[in-house]
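Have the picture open while you read.

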Amino acid sequence: MDLSYPIGRFSWEGPNTPAQRMHFINEIAATPGHLRNAVAGLSAEQIETPYRPGGWTVRQVVHHIPDSHLNSYTRFKFALTEEHPMIKSYDEGLWAELEDTRSTPIDVSLALLDALHQRWTTLLRSLAPEEYQRTFQHPQIGAVSLDKNLALYAWHGAHHVGHITSLRERMGWK
């Protein structure tokens with residue numbers, strides 16, 4: 001198993017069908033609960049364990065998810081209210097080293113993710129199919145449709161939850 005990609009790399013065959021969109025929205029809605037289950041019962045020492053050699057700690061992974069998903073939620077809103085906006089990228093590795101990521105209890109990010117995903121999925125469920133064709137311009141990637149971003153973030157949550165659950169399995173943590 002590739003410890004960096006426990007569920008495999010992201011791939012997209014889009015555009016999404018209505019059924020695929022609903023599946024991806026449901027995956028995004030379920031991410032906070034999946035993450036809570038993945039970290040349930042972990043000790044302070046386990047939370048400070050990297051999910052792979054040279055990788056982020058469980059704490060950093062937990063804080064990264066709402067950081068990333070907040071950015072994605074904002075990108076959706078920009079794309080829905082502006083014509084092909086240029087979005088700002090960020091250095092997730094540097095964000096993972098900031099003090100709020102290194103020392104904030106994970107419950108804070110779990111609560112943030114709950115609230116964020118409630119708002120985000122409300123927005124996602126309200127969109128007409130043609131709105132998913134709207135795009136934003138990513139400085140490194142180029143044009144990204146909301147359809148593709150939806151699929152990416154359904155994968156992204158599962159990807160990082162997979163980091164934690166595969167670590168638990170390898171370490172025998174119940």
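Ala, Val, Leu, Ile, Met, Phe, Trp, Tyr, Cys and Pro count as nonpolar, Asp, Glu, Lys and Arg as charged, and the others, Gly among them, as polar. This is a predicted model, where local features need pLDDT of at least 70, side-chain atom pairs count only at pLDDT 80 or more, and totals for chains, interfaces and linings use all residues. Residues are numbered from 1 along each chain as its sequence is written, and side-chain values use heavy atoms, with hydrogens and water left out.

Q: How do the residues lining the second largest pocket divide into nonpolar, polar and charged?
A: That lining has 7 nonpolar, 5 polar and 2 charged residues. Phe 10, Ser 11, Trp 12, Phe 24 and Ala 151 lie nearest the centre, out of 14 lining residues. Phe 10 is one of the lining residues, and Phe counts as nonpolar.

Q: What makes a space a pocket?
A: On a 1 Å grid over the protein atoms alone, a pocket is an open set of points with protein on both sides within 12 Å along at least five of seven lines, whereas a cavity is a set where a 1.4 Å probe fits but cannot get out; lining residues have an atom within 4 Å of a point. A volume is the space filled by probe spheres set on the points, which are joined across faces, edges and corners. The second largest pocket comes to about 160 Å³, and the largest to about 690 Å³.

Q: Which residues lie nearest the centre of the largest pocket?
A: They are Ser 68, Glu 92, Leu 152, Tyr 153 and His 156, from a lining of 29 residues. H7 supplies the largest share, 9 residues.

Q: How do you know whether His 64 is buried or exposed?
A: The relative accessible area of His 64 is 4%, so His 64 is buried. This residue belongs to helix H3. Leaving out residues up to four places away in sequence, His 64 touches Trp 56, Tyr 90, Glu 92, His 156 and His 160, where contact means heavy atoms within 4.5 Å.

Q: What label does Tyr 90 get for its accessibility?
A: Tyr 90 is at 21% relative accessibility, so it counts as partly exposed. Trp 95, at 33%, is partly exposed too.

Q: Why is the aromatic pair of Tyr 90 and Trp 95 called tilted?
A: Rings of Phe, Tyr and Trp (its six-membered ring) pair if their centres lie within 6.5 Å; planes under 30 degrees apart count as stacked, over 60 as edge-to-face and the rest as tilted. Tyr 90 and Trp 95 are 4.3 Å apart centre to centre with 45° between the planes, so the pair is tilted.

Q: What makes a group of residues a nonpolar core?
A: The group is a set of buried Ala, Val, Leu, Ile, Met, Phe, Trp, Tyr and Cys residues joined through side-chain atoms within 4.5 Å. In the largest core, of 20 residues, those touching the most other members are Ile 28, Phe 76, Trp 120, Leu 124, Tyr 132 and Leu 150. H7 gives the most to this core, with 5 residues.

Technical notes. Buried < 20%, exposed > 50% of the residue type's maximum accessible area, 1.4 Å probe, protein only. Helix = DSSP H or I, 4+ residues; strand = E, 2+ residues; numbered from the N terminus.
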